[in-house]
Number of protein chains: 2
Amino acid sequence: MPSASTLQELFLSHLQDIYHGEKQILKALPKMAKSATTPELKLAFEKHHDQTEGQVERLQRIFGLMNKSARGKTCEAIEGLVEEGKEVMTEAQSGEVMDAGLIAAAQAVEHYEIARYGTLRSWAEQLGMKEAAKLLGQTLSEEKQTDELLNKIAMSSVNRKAA
Amino acid sequence: MPSASTLQELFLSHLQDIYHGEKQILKALPKMAKSATTPELKLAFEKHHDQTEGQVERLQRIFGLMNKSARGKTCEAIEGLVEEGKEVMTEAQSGEVMDAGLIAAAQAVEHYEIARYGTLRSWAEQLGMKEAAKLLGQTLSEEKQTDELLNKIAMSSVNRKAA
């Protein structure tokens, strides 16, 4: 994905990568919400879908701040992660196993995003892009909160039922 | 990657997935260490290579505890992440940009592993696999420490130089 000789180009290529990723996630989340059987998990996916729409808008603002048009770049890693969620949905034989697998797939996606937004925010700071760094920090906080929420849901009910 | 109808099957399929992942990472780390220009980063990749060998052994012990032979399962996500590190190595035009890109790729891999080992440890606990849960917890701590170390290296020198 990166094709870059300066930090600014590296920043832009990673921004395009996560922009593509967020769009894939936007498409996947309604299906994951539909497949989830635990009400808290269904709600968490629905809430995160709305949150992701705001995150896409933040990315568009950052492209704007750089005078670049917002466009994504195919990223095999995120496609593999989203694919995993789809496989869980077709293969799980019980609701509990479905939920455990969906949470695992979603947390892998969240951690991918935590790594990406952490890197992007740090680079934005180094490049003196204060507004972009602030926007990226907001999204980073949301991704961490989502990961923690999924942890809580997994620990409290899903895993216990699936065992 | 998952093909599972019970939590135990889900556990096994994710174990095979991360086993494949660790083997890919073992192959990539020496190349990343060779490409890194900051001495601390070179050292961090070398140290993590040795650590990864221990992590592979822990996974083999867990396969043994389950009376299964240790085998990996291709995982597109981890292959995409490792591929990203390779692209950085061919495309970066300066040592500083190389290091910034390598750290970004390595942190994405670390976060993938943090998500996977967190999930696996939680499932091992639910399945009453205490020894496996302990081993997975040890690796999880190592991955988190590696991510923090990469953060420190990035913040202290690499990003500043690349800007």
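**Exercise 1.** How do the residues of the lining of the second largest cavity divide into nonpolar, polar and charged?

*Solution.* This is a predicted model, in which local features need pLDDT of at least 70, side-chain atom pairs count only at pLDDT 80 or more, and totals for chains, interfaces and linings use all residues. Residues are numbered from 1 along each chain, chains are lettered from A, and side-chain values use heavy atoms without hydrogens or water.

Step 1. The lining comprises twelve nonpolar, three polar and one charged.

**Exercise 2.** Characterise the contact between chain B and chain A.

*Solution.* Step 1. In contact (heavy atoms within 4.5 Å) are 41 residues of chain B and 41 residues of chain A.

Step 1. The two chains bury about 3300 Å² between them, 60% of it on carbon and sulfur atoms; this is accessible area (1.4 Å probe) lost on being put together, summed over both.

Step 2. There are two salt bridges between the chains, a term requiring a Lys or Arg side-chain nitrogen within 4 Å of an Asp or Glu carboxyl oxygen. One of them joins Arg116(A) to Glu84(B), with the closest N and O atoms 2.4 Å apart.

Note on methods
Ala, Val, Leu, Ile, Met, Phe, Trp, Tyr, Cys and Pro count as nonpolar, Asp, Glu, Lys and Arg as charged, and the others, Gly among them, as polar.
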